[in-house]
Amino acid sequence: MKKTLTVNIGGSVFHIDDDAYEHLHQYLSNIRSHFAKVEGCEEILWDIENRVAETLHAKLSDGKQVITLTDVQEVIRQLGEPEQIDNEADTGSATSAKPSSPKGPRRLYRNPDGAILGGVAGGLAAFFQIDTTLVRLAFLLLTFAGGASIVTYLVMWIIVPRANTTAEKLEMKGERVNISNIEKSIKEELEDVKKNVKQFSADAEKAIRQKSAGRTSGQAFAGGIGTALGEVFTVVAKIIAALIGLALLFTAIFLLIGFIWVLAGGPISIDSDFGIQAVTFQSLANLIFTDIRLSNLSLVSMVLLTGVPLLAMLYAGTLLIVGSRARIKYFGRVALLFWLIGLGLGLFALASGTRNYMHQRSVVEETALPAIATDTLYVDVNTQRYADIGVPATGGADLDNWELMWIIQNGHRHHRPLVRIVETTTDNIEIIVNKKARGAQPQIARQNASNIVYSFSQIENRILLDPFFAFPEADGWRAQRVTIEILVPENTHVILNHELKETFDVHRNKTRELSLTINKIHTSEVAQPAAESL
Amino acid sequence: MNLENTKAQMRKGVLEFCILSLLSAREAYANDLIQTMKESRLLVVEGTIYPLLTRLKNDGLLTYRWVESTGGPPRKYYSATPEGISILEELRQTWNELVLAVSNATTTNPNKEAQVDNPQNL
């Protein structure tokens, strides 16, 4: 299906395809402009148009009523392009006709017809009588050579006046401003306007915007600069908006990729060393929720809470680049609705999950160690335990608490304990292991606490502490915590292994000062302590 | 050497002569002329005839009258004016001299070529 126009060619009425019309119109315009300076131009045109009508007429029959593009192309081939005609007929339009219509002074204007930005390239092209595309290309290429052309363009945009009137447009093209030229120019423009009016109905909104943006020109120079500045700002604002849109789009796309990765069960944290399990969102949710349904609910909630804003970002970015054409009806409302649903589900899951942490209980194990012969106590880390959970003994201490958590050995997760050294007045060294955990019920919390496994050993005056405690994987994460208090008699010299310092959070009694040597942390007496330690 | 261009240059000068010649014999409208001249391969593209007719008319060598046609716009029937006919006589004489000169130049022994005027100067 094609749109057909009804046209009058040489006094006859023809039905002609839209594209065929454009082609023919272009051809006749070319002939007009080519022979514009030849005496009897109108007559030549009239004759040629009649010939076109005659030839086209011969192509029609009862079965064929519409002129097609092929018909027009054939006719044009038969009649010849203006250059061919001129070459044979030697009208001298290129050379001898010039003196009869001398050129006027050429002036630099911005050409608003067919402009992409401010018409600077078009104006320069008219001034130097070269193709506009070449000028644009030059501007573009020079952008890469330091970007000076951008500044040049902006400056010219602002200071070079725009060719508003027909006379100015003739001056721009270097044609003499006389009545016949103006008439001709106006006629040509009217043709363009006719064409525009047709497009107008198809693209009304755009046309209105263009008119309101640019066509309110003042005659005064200052007014012209004002309009030009306005144009500059409009376009610059558009470019900035597009850049922001692009940034939004890229960010959203990358985040979406990550998001989908997590949704598909991809690991959040990847650490192939030490055989650490991949941490997925699902496994995180399972740490908190005992009920698999709640765990799934939290997943849905996350999808909505994170996915909806990401889609909104994508949408906003597209809008900024493409403009309001890409607008989707009710997008905002639907997005907000889904996000609120996600929030509701999330709050519900959170409330349900929080119940698992309602109560805290502790289990305390006190061990009195046999008295030691010297007054120096060494506290050391049992690095051998790393090997037990499949981590090389050397370097294994680099594991932080988060990574340690994901090492599951014999159905147990692992966590670091807290160490505190406290002075006492008793003679014995005592170790108090305080295990804490939470649960939905007091007895569950107590059960979780007593499920925690922690061990240490003593060889003479050396205490070997395990670098981590373990709790059953099935318990989930219930804020299991272990605090080790080492109660030491007054005046005992405590030497902490440097490994210990890296492994534990060492809490110390206020009355003792830790002094740091290269590899060891020594504790030493402070002068003032007596009152406090009592 | 651009052969096509040379051929076009050769045709150029004689087109007006041919048109005048045809129209001095009988009245005709553009299509008749196109038909005749295309048959004798004087025209490559039809459009050429129109600027030529207009120029000859403006120079007063041709005149035309409107003739109503069936199923189309009125047609211009061109004919040569008395001035056109006298110009035609002049052109014809020049043409004959030219033909003679060219045929001499192209058939004589290359040794004698200096005897003949260069046709391009005519």
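## A helical pair in chain A

Glu54(A) counts as partly exposed, at 22% relative accessibility. Partly exposed is the range between buried (under 20% relative accessible area) and exposed (over 50%), using a 1.4 Å probe and protein chains only.

Glu54(A) and Arg51(A) sit three residues apart in helix 2 of chain A, so about one helical turn separates them. Shared partners link Arg51(A), Glu54(A), Lys38(B), Glu46(B) and Arg75(B) into one network of salt bridges.

## About the model

The model is predicted: local features need pLDDT of at least 70, side-chain atom pairs count only at pLDDT 80 or more, and totals for chains, interfaces and linings use all residues. Residues are numbered from 1 along each chain as its sequence is written, chains are lettered from A in the order in which they are written, and side-chain values use heavy atoms, leaving out hydrogens and water.

## Across the chains

Glu43(A) and Lys57(B) meet in a salt bridge of 2.4 Å, N to O. Glu43(A) lies in helix 2 (residues 41-59) of chain A and Lys57(B) in helix 3 (residues 49-58) of chain B, so this pair joins two chains. Helices are DSSP runs of H or I, at least four residues long, and strands are runs of E, at least two; both are numbered from the N terminus. Glu43(A) is buried, at 15% relative accessible area.

## The whole count

Over all chains, the structure holds 18 salt bridges.

Note on methods. A salt bridge is a side-chain nitrogen of Lys or Arg within 4 Å of a carboxyl oxygen of Asp or Glu.
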